[in-house]
Amino acid sequence: MRLGLITLVACLMVLAAGWGCADEDPSEKVLVASFKSLVQALKNRDTSTLWNLSDGPTQLYFSDLAAEIKDAVTLIDQHYAPADREKAKRAVGGGLVKTTSSGQDLFKVLMDPEKMSLPGNPEALQVDNVVVGAYTATVVTRAGKSIEFTMGDDGGFRTGVFMEEFLEQPALHTLQENLAIARQNCRVLALGAPGPNPAEVAQ
């Protein structure tokens, strides 16, 4: 399960190329700096910076998902028969995290740098306007496209654009289903009921 960002990268690189200079408003300057950092991080395949530029809900989602996977792996080790454990752990994403893995670690694994290929020289989009509100900001293009940002506690702008694409991945739904099945199987095993059928957890 990997997140392809070719379309997103193409869009952002065009926006960066078409951007002139922001007004003198300090918040707009911060937004422009955040946007340029985002584009440079995509260009450099810098997942650490991409994580830092991701908004709170995105970081919380990946942190919760990493914890959920680790919990499922622990339950499988506790309740599944030894012969069934490896298959079940693969099905719940056990190969994506380690005991010490954080949400940032999982984000880096799923944001495959090899799929962040850059476009040639796209010229289809140009920035039309930058709107900065009290807590949110929007980059609006001449084509009517927009990229949303939110302001963090430190005054920097962050985006949920990665989360929007990630939630559309079919493999994510399979992972969530497998996590639910594994938890249910472990509850049954913990009660001493007949064991689950390992085939119920897809790979």
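Biologist: What share of the contacts with a separation of 6 or more comes from residues 24 or more positions apart?
Modeller: They account for 66% of those contacts in the protein, where contact means heavy atoms within 4.5 Å. Keep in mind that this is a predicted model: local features need pLDDT of at least 70, side-chain atom pairs count only at pLDDT 80 or more, and totals for chains, interfaces and linings use all residues. Residues are numbered from 1 along each chain as its sequence is written, and side-chain values use heavy atoms, with hydrogens and water left out.

Biologist: Thanks! Which pair is 108 residues apart in sequence, and what is the distance in space?
Modeller: That would be Gln 78 and Cys 186, with 8.3 Å between their C-alpha atoms.

Biologist: Where does Gln 78 lie, and is Gln 78 buried or exposed?
Modeller: Gln 78 belongs to helix H4. It counts as exposed because its relative accessible area is 52% (buried is under 20%, exposed over 50%, partly exposed in between, using a 1.4 Å probe and protein chains only).

Biologist: How do H4 and H5 pack?
Modeller: H4 (residues 56-79) and H5 (residues 82-91) pack at an angle of about 165 degrees, and their axes are 9 Å apart. That angle makes H4 roughly antiparallel to H5, since angles under 35 degrees count as roughly parallel, over 145 as roughly antiparallel, 65 to 115 as roughly perpendicular and the rest as oblique. Axes here are lines fitted to C-alpha atoms, for helices over the stretch in contact, with angles running from 0 to 180 degrees between N-to-C directions.

Biologist: Nice. Which residues make the contact?
Modeller: H4 contributes Val 73, Ile 76 and Asp 77, while H5 brings Arg 85, Ala 88 and Lys 89. By type, 3 are nonpolar, none polar and 3 charged (Ala, Val, Leu, Ile, Met, Phe, Trp, Tyr, Cys and Pro are nonpolar, Asp, Glu, Lys and Arg charged, and the others, Gly among them, polar).

Biologist: Zooming out, how many helices and strands are there?
Modeller: The protein has 8 helices and 4 strands, taken as DSSP runs numbered from the N terminus (helices are H or I, at least four residues; strands are E, at least two). Their order from the N terminus is α-α-α-α-α-α-β-β-β-β-α-α.

Biologist: And how much of the protein is buried?
Modeller: Buried residues are 36% of the 203.

Biologist: Last one: what is the phi of Arg 45, and where does Arg 45 lie?
Modeller: Arg 45 has a positive phi of about 55 degrees, although it is not a glycine. Most residues other than glycine have a negative phi. Arg 45 sits in the loop between helix H2 (26-44) and helix H3 (47-52), and is partly exposed, with a relative accessible area of 34%.
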